[in-house]
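Biologist: I'm new to this one and would like a close look at a single part: the place where the two chains meet. Could you walk me through that, and then show me what else is worth a look around it?

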Amino acid sequence: MQALTPLPVALPLAIAAVLLIVGHILPRNGADIIAMLTAAAAGLIAVLLAMAASEAPFAYWFGGWQPRDGVAIGIAFVVDPAGAGCAAFAALLFFASFIFSWGYFDEVHARYHALMLIFQGALAGFAMTGDLFNFFVFFELMSTVAFALTGYRLESSALEGALNFTVTNAVGSFMMLAGIGTLYGRTGALNFAQLGRALAGLPPDGLLALAVALIFGALFIKGAIVPFHFWIADAHSVAPSPVCAIFSGIMVPIALFGAARLYWSVFAGSGLDQAPLRPLLVWFGTATALVGGFTAFMQRDVKRLLAMSTVSHMGVLLVGIGLLSSEALAGAMLYLLGHGLAKAGLFLIGGILLSQCAGIDEIKLRGAGKEFPVTGAFYALGGLIMAGLPVGLEHQGDHLIDEAISATGLAFLPPLLSIANGLTGAGILRGAGRIFLGLGPEPGEEALSPTEEEREKQDRPVWLMLLPVVALIGTALALQAVPAEEAARQAAAMFAATGDLAAAVLDQAAWQPVAAAPEPSSASPIEPAIGLAVAIGLAAFELGRDHLPRRLVRAADRATAPLFIGLDRLHDGVVGDYVAWTVFGAIALGVVIAIG
Amino acid sequence: MSHAAFLLPAWLFAIGLYGVITSRHFVHLIGCLTVIQSSTYVLLLAVGYRTDAAAPIFANLPIGTPAVDPVVQALVLTDIVVGATVTALLLALALQVHKRTGTLDPHELRPLRR
């Protein structure tokens, strides 16, 4: 079984190369079939690896270069249920995206499929690597492929968004490399386990704070954490819908997964103080959830709205990771899965709108979706999940995170996060009512304002595009039962067992089973109710403007105008400002970590 | 090696960032990005440098000769490849944007908001 370890990465990369060579002689849809089979095969292998590692995690040393006397000579993949599970989850999303994009790209050469498979390989490698150098290489690989896929349709009118995405994320790559150089200069190690041990023997100093700020800053750019998040709406509005599903479903969350991996396998044992780090991450997460929620609610472009909603949910995910406990981590893992499934499904619905209704602007599309009631129902269902519907994986994760927050005494935080997520749900429900039911006030001059003129290929059957949507959102809701939670608590405990993991990797020590993260107490019905109330109430308010007392509507608008105008000014679309915010965020991280 | 050597990459990183933040032309901005990237090369090479050590090629050297660290050099090589890819991609995108809009000023190229 262990010999299969490289395959979730190597197989998609190899098939991508083959596709590039033979792409031009493949029959119609040949590349679609090959890509789907490859994604599925790599995913199944990742599932097998996750199951094999569920008893004891193991390291795979490339070329058989085992460590000597606790010094890593070769490069390792460390397989644990969380990492391999992430790779399997990525494969599932790619499989769904390939179904959606069946016949989507007319041209020969299968370049789209090759790029997507490289993307999948990079994500799997990022999730499973046990080495900081390879962590960077896979991070870079996924960034570069993502840049190419974003600008894939060179005729797209929103190509400027691809430039903003590439510049901000390239700055992130350089930050990460500088951080890695700093850490390597301090310790002489690149293997996670060995780095952790080396740092444990050193006093924490400014250099460590600098390295953490640079590396976490880079991961937060990709993970869309405020104030590093500005690229996300621009990138999602230009990228093809199946690519957006991958971006929001796994690429953005996996960056935060990487931050958790680094914390637990490298920094947890070092002198890095938990005392400033925990509140720092929790507050970054809370700010992210709120800014993302309000900004999502004010969007009228469906894909930008969904992208900002991802920001809001990444905030909650960061709170889960930033609590630095295995219980919250288990919640974060479930949350990552549940959010990724539902959000990928929502972006694919955006793709259905682009291909069937020739638009993505909520106001121009008013009533345009009346012919597609099933699509509309799933869009609304996705909105309810985003708002905190108390069923399914995302809710389960949310609940675990809320419990862990309450245990630290920040009892006001869970309702705040629920309101933030409820705002994104409100935006989605408002869109569902307007587009698929034709509700809401008559668009006046608003419909004339310029929007992106976008459309995606239209001659594909709706049922084919709806199939992956139903499967993804259905899975997010159906997989709620106890086993998923138990598996997550077990995986999180293993993930957070810093010392044991290092011993297993470097000394080939036998694995001592660790106790699963503690079980949560009974579910509290308050948080989901808050989120749903915010979502349904605000959506109803927006759609019913004409039927409400005019004075009430005007007062509400006047009260919220400064907030929305401020957020709009903040997201000004100028790439230099985005980078300036990134610098500000990284300096804030570094200063707080260094001073405590 | 003296710690002063690490001031150079810090300076390059900062001046490159300043350029990216204030740039009014995307080709200039892409040039500034490569300045930031150069700072990482200098940092890594400085980290791996050993005074009076040979290049890490052991074809003609006896085993045990001190050599500079080859790991950082491998990192730099990887980074150069990535940098070339990203720069090429960015320039291609910039060319395409210029064809359509006739400008490469980030302030005029704001993607539509909302």
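Modeller: Let's start with the contact itself: in this predicted model, 36 residues of chain B are in contact with 45 residues of chain A. On the chain B side, the elements giving two or more residues are α1 (7-22), α2 (26-48) and α3 (70-101). Of these, α3(B) provides the largest share, with 13 residues. Sort the chain B side by class and you get 24 nonpolar, eight polar and four charged residues.

While you're on chain B, look at the loop between α2 and α3, where you'll find B:D52. B:D52 isn't a glycine, yet its phi is positive, about 60 degrees. That's worth a second glance because most residues other than glycine have a negative phi. B:D52 counts as exposed, because it has 5 C-beta neighbours inside 10 Å, and the cut-off for exposed is 12 or fewer.

A:D69 sits in the loop between β1 and β2 of chain A, and A:D69 has a positive phi of about 50 degrees without being a glycine. A:D69 is exposed too, because its C-beta has 6 neighbours inside 10 Å.

Across the pair, A:Y60 stands opposite A:F77 in β2(A).

The peptide bond from A:V226 to A:P227 is cis, with omega near 5 degrees.

Last stop: two helices of chain A, α10 (residues 241-267) and α12 (residues 302-322), whose axes come within 10 Å and cross at roughly 20 degrees. That angle is under 35 degrees, so α10(A) counts as roughly parallel to α12(A). The crossing of α10(A) and α12(A) is right-handed. Residues making the contact include A:V252, A:P253 and A:L256 of α10(A), and A:L306, A:M314 and A:L317 of α12(A). By class, the contact of α10(A) with α12(A) has twelve nonpolar, two polar and one charged residues.

Terms used: Residues numbered from 1 in each chain as written. Chains lettered and ligands numbered in written order. Predicted model: local features only at pLDDT ≥ 70, side-chain atom pairs only at ≥ 80, totals over all residues. Pairing = 2+ DSSP bridges. Helix = DSSP H or I, 4+ residues; strand = E, 2+ residues; numbered from the N terminus. Axes fitted to C-alpha atoms, helices over the stretch in contact; angles between N-to-C directions. Parallel < 35°, antiparallel > 145°, perpendicular 65-115°, else oblique. Left-handed = near helix turned anticlockwise from the far one by under 90°. Contact = placed C-beta atoms within 7 Å. Nonpolar A, V, L, I, M, F, W, Y, C, P; charged D, E, K, R; others polar. Buried ≥ 20, exposed ≤ 12 C-beta atoms within 10 Å, placed from the backbone.
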